[in-house]
Every structure is written in structure tokens, then in C-alpha cells.
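Thank you all for coming this morning.

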Amino acid sequence: MAEKTELLEEDEKVVEIELERLRGFENHPFKVRADSQMIELQESIKKYGILNPLIVRPKKDGCYEIISGHRRKFAAEKIGYRRVPVIIRVLKDDEAVVLMVDSNLQREMIQPK
């Protein structure tokens with residue numbers, strides 16, 4: 001797992017994680033769609049890379065649950081990425097839900113399931 005030197009908070013770093021170690025947020029209320037906006041996101045990632053790392057939290061099985069970045073993961077997977085940049089945060093369930101909802105509400109158009 002390659003680490004980048006950018007520090008975020010006191011002990012947070014941007015690291016790259018293999019896609020197969022990432023799991024969707026349990027009961028995620030927003031649907032990822034393969035629509036025109038997804039095509040635009042894929043084109044952007046092809047051209048510029050993933051500009052904002054996903055936010056994940058560690059799970060007991062050695063995998064990571066995605067808190068923010070389900071669309072970026074989907075797009076990266078579709079264009080052949082094997083790893084993506086992430087920020088690993090240790091979050092309680094309540095904190096994870098608040099962060100997940102907040103990150104989705106910041107998007108202009110959200111698509112509930």
C-alpha cells in the first residue's frame with residue numbers, strides 16, 4: 001500500500017487501497033447510477049485522476065467501509081483502476097452516518113434509491 005506524504009489531520013494520510021478491500025456503506029441510501037454524470041466523472045478521472053480521496057473506515061476483517069466516494073470508486077473500477085486514494089478515519093457508527101449523509105447532501109443532485 002503506497003503512502004503519500006500529504007498530512008490531513010494530525011495522523012491522517014492519503015493512502016492507496018486496492019478496490020477489492022473496499023466495501024459499500026451498509027444501507028447506503030443513495031444509488032450510484034451509470035448515467036451521463038457517471039460518464040463525465042469517468043472522463044474526468046481518466047484525464048486528471050481522482051482529485052478527492054475517498055473517506056473510509058477500517059473494518060475488523062481487514063477491509064474498509066466507504067463513507068464518502070461510492071461514485072468515485074464505481075467510476076475508477078469501470079475504467080480499470082486497481083487502487084484508489086483514500087483517507088482512513090476511525091469513526092463510530094453515528095459519526096459515519098452523519099459524514100456519509102453530509103457528503104451526499106453537498107452534491108448538487110442526489111439520487112435516493
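Let me begin with a question: is Tyr81 buried, partly exposed or exposed? Before I answer, please keep in mind that this is a predicted model, in which local features need pLDDT of at least 70 and side-chain atom pairs count only at pLDDT 80 or more, while totals for chains, interfaces and linings use all residues. Residues are numbered from 1 along each chain as its sequence is written, and side-chain values use heavy atoms, with hydrogens and water left out.

Tyr81 has a relative accessible area of 29%, and is therefore partly exposed, where buried means under 20% relative accessible area, exposed over 50% and partly exposed in between, computed with a 1.4 Å probe on protein chains only. Tyr81 sits in the loop between α2 and β6; here helices are DSSP runs of H or I with at least four residues, strands are runs of E with at least two, and both are numbered from the N terminus. Setting aside residues up to four places away in sequence, Tyr81 touches Leu19, Ile45, Gly49, Ile50 and Ala76, a contact being heavy atoms within 4.5 Å. The side chain of Tyr81 also reaches the backbone oxygen of Ile45 at 3.5 Å, and the C-alpha atoms of Tyr81 and Ile45 are 9.9 Å apart in space although the two residues are 36 residues apart in sequence.

Now to the chain as a whole. The protein chain has three helices and six strands, and from the N terminus on these elements run β-β-β-α-β-β-α-β-α. Of its 113 residues, 36% count as buried. Among contacts with a separation of 6 or more, 75% come from residues 24 or more positions apart.

That brings me to the two helices. Two packed helices are described by the angle between their axes and the distance between the axes. Helix α1, residues 36-48, and helix α2, residues 70-78, pack at an angle of about 70 degrees, and their axes are 9 Å apart; the axes are lines fitted to C-alpha atoms, for helices over the stretch in contact, and angles run from 0 to 180 degrees between N-to-C directions. The two helices are therefore roughly perpendicular to each other, a label that covers 65 to 115 degrees, with under 35 counted as roughly parallel, over 145 as roughly antiparallel and the rest as oblique.

Which residues meet there? From α1 we have Gln37, Met38, Leu41, Gln42 and Ile45, and from α2 we have Arg71, Arg72, Phe74, Ala75, Ala76 and Lys78. By class, the residues of this contact divide into six nonpolar, two polar and three charged, where Ala, Val, Leu, Ile, Met, Phe, Trp, Tyr, Cys and Pro count as nonpolar, Asp, Glu, Lys and Arg as charged, and the others, Gly among them, as polar.

Within α2, the buried residues are His70, Arg71, Arg72, Lys73, Ala75 and Ala76, and they pack against β3 (22-23), α1, β4 (54-58), β5 (64-68) and β6 (83-88). His70 counts as buried because its relative accessibility is 14%, and, leaving aside neighbours within four places in sequence, His70 is in contact with Gly24, Phe25, His28 and Val32. Lys78, which is also found in α2, counts as exposed because its relative accessibility is 54%. After α2 comes Gly80, whose phi is positive, near 100 degrees.

Finally, let me turn to an arginine in a strand. Arg57 lies in β4, and it counts as buried because its relative accessibility is 7%.

Technical notes: A polar contact is a pair of N or O atoms within 3.5 Å; within protein, one must be able to donate a hydrogen and the other to accept it, and residues adjacent in sequence count only if both atoms are side-chain atoms.
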